[in-house]
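Trainee: I've got a new structure open and would like to go through it piece by piece. Where do we start?

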Amino acid sequence: MADAVSVGVSKAYVNETGNGIWPYATPETATNDLVEVFGSALLADGRTFEIEVDDGDYVVKDKWIVITGNVYLHSKNGPENCRLVADTTRNATERKAICLNNADAMVEGLTLDSFCWDGNLKGDQGGVVRISAGTMRNCVIQNSRGGNNGAAVDMSGGVLENSILRNNWSVGGNNTGVGSGGGVYLSSGYPVVCNTVISNNYVAKNGGGIYCKAAGAVVTNCVIASNRTGYSSRTSPMNNTDRHGGGIYTEAAATFANCAIIGNHARGEGGAIYATAAAKFINCLIADNAANTTRPGVYMTKAGQFINC
């Protein structure tokens with residue numbers, strides 16, 4: 001394969017009709033294998049590299065797509081037209097989607113559907129998407145399963161914005177005692193989630209919508225709705241009453257601002273929010289949440305701040 005510097009390619013195309021001629025520099029020579037683009041020498045010269053994915057469904061033919069370079073991966077016509085799906089020939093617990101780990105990288109306009117990673121079995125974090133640095137924007141992550149920590153997204157940094165996380169669930173294999181953060185698991189660092197809808201996610205343990213361990217986390221202008229704790233699957237509620245934080249479970253003094261936390265349910269305490277640290281909630285709407293115990297709204301074990309909520 002030719003060296004990427006001498007070729008001088010800064011953009012590659014992925015579509016269903018191209019004839020797959022490296023370096024995939026035109027729509028006519030595009031590949032239909034997104035992983036092949038990342039596995040080639042195209043990214044070796046360190047420049048900003050753009051990958052445009054046309055309308056269609058594309059199988060991620062590997063454990064996941066790892067982005068460590070300055071990459072702009074995007075659909076041509078938005079997430080409603082471009083879908084990445086898991087490779088069903090792989091082990092059912094090894095079907096992750098994307099690892100984003102470069103501050104200048106961006107993923108935009110994709111739907112990620114039906115991925116799975118069981119961190120409880122693999123000795124790793126959950127999250128079919130992992131963001132350590134960079135930005136994911138205008139994406140839909142749905143119908144995916146994580147293991148112990150995070151079904152849809154595990155964040156230790158970076159930005160998730162203008163996206164939808166729906167119908168995901170987190171349960172660790174046959175161990176229904178683990179599984180937290182159905183939408184987002186904020187594990188460490190300074191992750192930012194903004195203008196995002198986190199809805200109809202389910203977990204076996206805590207934090208149906210969000211589980212937060214990162215004191216530097218900021219969640220703003222989000223809708224956190226109709227998430228559930230205490231489910232061994234999306235349709236199977238458990239009898240346990242120690243499954244807390246239907247909308248949000250936070251053990252860190254993070255900041256949540258201008259969010260709507262509505263219609264969530266916990267099979268324990270805190271249908272909306274369960275906090276074990278001095279988190280701050282600013283200008284948030286908290287309504288119509290429920291729990292199987294006596295605290296359907298907010299339960300805090302340490303004094304936090306509620307400002308204009």
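Trainee: Which residues are on the covered face of S3, and which are on the uncovered one?
Mentor: Gly56, Tyr58 and Val60 make up the covered face of S3, while Asp57 and Val59 sit on the uncovered one. Strands here (E, at least two residues) and helices (H or I, at least four) are DSSP runs, numbered from the N terminus.

Trainee: Before I go on, what kind of model is this?
Mentor: The model is predicted: local features need pLDDT of at least 70, side-chain atom pairs count only at pLDDT 80 or more, and totals for chains, interfaces and linings use all residues. Residues are numbered from 1 along each chain as its sequence is written, and side-chain values use heavy atoms, with hydrogens and water left out.

Trainee: Thanks! Back to S3: how many bridges join it to S6?
Mentor: Five, and S3 and S6 run parallel. Two strands are said to pair if DSSP finds at least two bridges between them. Asp57 stands opposite Arg83 in S6.

Trainee: And what about S6 and S9?
Mentor: S6 (residues 82–86) and S9 (residues 111–113) are also parallel, with three bridges. There Leu84 stands opposite Leu112 in S9.

Trainee: What order do the strands of the open sheet follow?
Mentor: S3-S6-S9-S12-S16-S20-S24-S30-S34, nine strands with parallel pairing. S3 (56–60) and S34 (285–287) are the edge strands, each pairing on one side only. On average, neighbouring strands of this sheet are turned by 10° against each other, direction ignored. That angle comes from lines fitted to C-alpha atoms (for helices, over the stretch in contact), on a scale of 0 to 180 degrees between N-to-C directions.

Trainee: Zooming out, how many helices and strands does the protein chain have?
Mentor: Three helices and 37 strands. Of the contacts (heavy atoms within 4.5 Å) with a separation of 6 or more, 75% are between residues 24 or more positions apart.

Trainee: What share of the 309 residues counts as buried?
Mentor: 55%. Buried means under 20% relative accessible area, exposed over 50%, and partly exposed in between, using a 1.4 Å probe and protein chains only.

Trainee: Which residues touch the most other members in the largest nonpolar core?
Mentor: Ile51, Ile67, Leu73, Ile98, Leu112, Met136 and Leu186, out of 61 residues. Another core of five residues lies apart from it, with Trp169, Val171, Tyr202 and Tyr231 among them. A nonpolar core is a set of buried Ala, Val, Leu, Ile, Met, Phe, Trp, Tyr and Cys residues joined through side-chain atoms within 4.5 Å. In soluble globular proteins, nonpolar side chains tend to be buried together.

Trainee: What is Ile67 in contact with?
Mentor: Leaving aside neighbours within four places in sequence, its partners include Phe38, Leu73 and Ile98. Phe38 is in helix H2 (residues 34–39) and counts as buried at 14% relative accessibility.

Trainee: Where do Ile51 and Leu73 face each other?
Mentor: Ile51 stands opposite Leu73 in S5. S2 and S5 (residues 71–75) pair in the parallel sense over five bridges. S1 (residues 11–14) is joined to S2 by four bridges, also parallel, and Val14 has Val53 as its bridge partner in S2.

Trainee: Why is S2 called largely enclosed?
Mentor: Because four of its five residues are buried. Glu52 lies in S2 (residues 49–53) and is buried, with a relative accessible area of 15%.

Trainee: Which side chain does Glu52 have a polar contact with?
Mentor: The side chain of Lys11, at 3.3 Å. A polar contact is a pair of N or O atoms within 3.5 Å; within protein, one must be able to donate a hydrogen and the other to accept it, and residues adjacent in sequence count only if both atoms are side-chain atoms.

Trainee: Last one: is Arg243 buried or exposed?
Mentor: Arg243 is buried, at 5% relative accessibility. Its place is in the loop between S27 (236–237) and S28 (248–250), and its side chain reaches the backbone oxygen of Ala204 at 2.8 Å.
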